[in-house]
Amino acid sequence: MTTKQVSHPKTKLWMAAIKPPMYSVAIMPIWVGTAVAFAETKIFNLVVFSTFVAAAILILAWENISNDVFDSETGIDQNKHHSLVNLTGNKRLIFWLGNLSLISGLLGIIAIATWQKDPTVIWIILLCCGLGYVYQGPPFRLGYQGLGEIICFFAFGPLAVTAAYYSQTSTWSMTSLAASIIVGIPTTLILFCSHFHQVKDDIAAGKRSPVVRLGTVKAAQLLYWFTGSIYPFTLLFVLLGVFPSWTLLSWLSLPYAVKLCRHVQQNHYLPEKVSNCKFIAVKMHFWSCLLFGLGFMI
Ligand SMILES: C/C(=C\COP(=O)(O)OP(=O)(O)O)CCC[C@H](C)CCC[C@H](C)CCCC(C)C
Ligand SMILES: O=C(O)C1=CC(=O)c2ccccc2C1=O
């Protein structure tokens, strides 16, 4: 019997609602920030790292859970069967589940700041959460204006990587800032890719995502440039002596980058076919960031 026959459609919908692979997006900035800290100072605090990873996952869970709550108010998720609100029919429950997740995540961050006797990490993560809110929450909903990708870059790149670095070292680093660009770009590409199959629903709900603004042809071309950019950027920073040579291990993720660009190029106008491109982007993000961080650890 194949897996397809075994899995119940309802189970599939729940898995699509929870999106387990997406949570690597929360882990990677913490991994890379911590790896840069280790390379520069030989400090690695496992308790701080594990607490930060758990907190980041809980905060991203809040972002995703509340996304379904806020989107249920604009009508944009009418056809999204895997929206948690549509699945449960209980918006209030989902709203409070999201808040519980946020509070638990923030408690982890408060614990790190208490161990450090320094509130800096709290301020940086609160800024990330603020950006997460203005992306989707009323009255801002900046994602509807096409500003989500910029927000995403700063939250998962410079802010999250810097916070992870600071949580280990209680200081700042230009290398960590440069490394955050290499994390921020592929994270942003995941969000960018998630919009290709939603053009019709987005236009109907008045959401002007970058793909709606550019059209799918131009957006697919732009994807090539941004996906391709992280590899020469890494090489440039290696040549400048900012990153160790081992960070070029991240180039091993190139096959996923090629697969992503080709898939979108061929299917950008076919919602059913292009809809899985964000998960190819997740794989590219996962392998590029994992190997990039490993390059600092070796
Ligand atoms: C919920 C997110 C994207 C989904 O957006 P969309 O409405 O297009 O999706 P659906 O079609 O599925 O409804 C993610 C958005 C990310 C946001 C721009 C920035 C989030 C900031 C986080 C709170 C930062 C957490 C950092 C962590 C590592 C500490
Ligand atoms: O559901 C989604 O489309 C996304 C969820 C999510 O948590 C995330 C985080 C960072 C970048 C993109 C995305 C998504 O696209």
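Me: Which residues surround ligand 2?
Reply: This is a predicted model. In it, the shell around ligand 2 consists of Lys-19, Met-22, Val-25, Leu-60, Asn-64, Cys-152, Phe-156, Thr-187, Ile-190, Leu-191, Ser-194 and Lys-278.

Me: How do the residues of that shell divide into nonpolar, polar and charged?
Reply: Around ligand 2 there are seven nonpolar, three polar and two charged residues.

Me: What lies 2.7 Å from an oxygen atom of ligand 2?
Reply: That is a polar side-chain atom of Lys-19. Two further residues have such an atom at 2.8 Å from an oxygen atom of ligand 2: Asn-64 and Lys-278.

Me: And how much of the accessible area of ligand 2 does the protein cover?
Reply: On its own, ligand 2 has 340 Å² of accessible area, and the protein covers 88% of it.

Me: Which elements give two or more residues to this shell?
Reply: They are H4, H8 and helix H9, which runs over 174-193. H9 gives the most, with three residues.

Me: Let us move to the other ligand. How many residues surround ligand 1?
Reply: Ligand 1 is surrounded by 24 residues, and the closest are Asn-67, Lys-80, Tyr-135, Gln-198 and Lys-207.

Me: Which side chain has an N or O atom 2.5 Å from an oxygen atom of ligand 1?
Reply: It is the side chain of Gln-198. The side chain of Asn-67 also has an N or O atom 2.9 Å from an oxygen atom of ligand 1, and for Tyr-135 the distance is likewise 2.9 Å.

Me: A change of topic: at what angle do H3 and H15 pack?
Reply: Helix H3, residues 24-41, packs against helix H15, residues 277-297, at about 15 degrees, and their axes are 8 Å apart. H3 is therefore roughly parallel to H15.

Me: Is their crossing left-handed or right-handed?
Reply: The crossing of H3 and H15 is left-handed.

Terms used. Residues numbered from 1 in each chain as written. Chains lettered and ligands numbered in written order. Predicted model: local features only at pLDDT ≥ 70, side-chain atom pairs only at ≥ 80, totals over all residues. Heavy atoms only, no water. Near = heavy atom within 4 Å. Polar contact = N/O pair within 3.5 Å; in protein donor to acceptor, adjacent residues only side chain to side chain. Axes fitted to C-alpha atoms, helices over the stretch in contact; angles between N-to-C directions. Helix = DSSP H or I, 4+ residues; strand = E, 2+ residues; numbered from the N terminus. Parallel < 35°, antiparallel > 145°, perpendicular 65-115°, else oblique. Left-handed = near helix turned anticlockwise from the far one by under 90°. Areas by Shrake-Rupley, 256 points an atom, 1.4 Å probe, with all protein chains shown as cover. Nonpolar A, V, L, I, M, F, W, Y, C, P; charged D, E, K, R; others polar.
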